[in-house]
Amino acid sequence: IISLLKFLQSPIDELNFCGFILGEIFSQATGLKQQAIRDYLFELKASKSSGKGSLYTKFKEQYPAIWSDYLEWFFKSAGFISPYELIISIYQRFKVMANFPENQAFFVKFLDFIKSAEDEYIDLDELLAYITEQSEKRESQVYVSAPQSNSIKVQTIHKSKGLEFPVVIIPFL
């Protein structure tokens, strides 16, 4: 999703466009296999016309139905609607909640994170800079915690005190 947002912010950003179309969200929604997209990109790079025109225009020519069904509206709407509305539209168009039910907690947390930053970071450029800054700081609001899951928790003895885990492993004891 971040790759798509970065591409929409700067359509000449071929790396983020490739990152998005090679990702699972795009593949699941469109039905295009990741290997088919990878093969297309490598063939395009190997062809003599690879230096003429941008990658997204070549993709649009090769896959016009997929471009019009999945990407064109975002391409035309970026900058005219709020980033929050843009992300909700991405969720809907690419059916991320239905296609990735195991990641719903992350998608909801990410949307909440965007909503909380919406008043201060109005446009896509500012929002992406804010997201990058938060992830570099490793702020807790960027990460999803799932405390009710059956998972291994690695923490200090002091943090785990009183949590009454059924099993505790203390290395090197």
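Helices are DSSP runs of at least four residues, numbered from the N terminus. In the predicted model described here, Lys 95 sits in the loop that separates helix H7 (83-93) from helix H8 (96-99). Most residues other than glycine have a negative phi. Lys 95, by contrast, is a residue other than glycine with a positive phi, near 50°. The relative accessible area of Lys 95 is 51%, so this residue counts as exposed, the cut-off being over 50%.

The chain as a whole contains 11 helices and zero strands. Along the sequence, its pattern reads α-α-α-α-α-α-α-α-α-α-α. Of the 173 residues in the chain, 34% are buried. When contacts between residues at least 6 apart in sequence are considered, 50% of them join residues at least 24 apart.

The mean pLDDT is 84, and 86% of the residues reach 70 or more. Helix H3 (residues 24-30) has the highest confidence, at 95, whereas helix H11 (residues 157-160) has the lowest, at a mean of 70. Where pLDDT is low, the predicted coordinates should not be read in detail.

In soluble globular proteins, nonpolar side chains tend to be buried together. The largest nonpolar core in this model has 46 residues, and the members that touch the most others are Phe 17, Phe 26, Phe 59, Leu 71 and Phe 94. The element that gives the most to this core is helix H9 (residues 104-117), with six residues.

Beyond residues up to four places away in sequence, Tyr 63 touches Leu 32, Ala 36 and Tyr 40.

The largest pocket has a volume of about 520 Å³. It is lined by 15 residues, of which Lys 153, Val 154, Val 167, Val 168 and Ile 169 are the closest to its centre. By class, the lining consists of 10 nonpolar residues, four polar residues and one charged residue.

Conventions. Residues numbered from 1 in each chain as written. Predicted model: local features only at pLDDT ≥ 70, side-chain atom pairs only at ≥ 80, totals over all residues. Heavy atoms only, no water. Core = buried A, V, L, I, M, F, W, Y, C linked by side-chain atoms within 4.5 Å. Buried < 20%, exposed > 50% of the residue type's maximum accessible area, 1.4 Å probe, protein only. Helix = DSSP H or I, 4+ residues; strand = E, 2+ residues; numbered from the N terminus. pLDDT = per-residue confidence, 0-100. 1 Å grid on protein atoms, 1.4 Å probe; cavity = no way out; pocket = protein on both sides within 12 Å on 5 of 7 lines; lining within 4 Å. Points joined across faces, edges and corners; volume = space filled by probe spheres on them. Nonpolar A, V, L, I, M, F, W, Y, C, P; charged D, E, K, R; others polar. Contact = heavy atoms within 4.5 Å.
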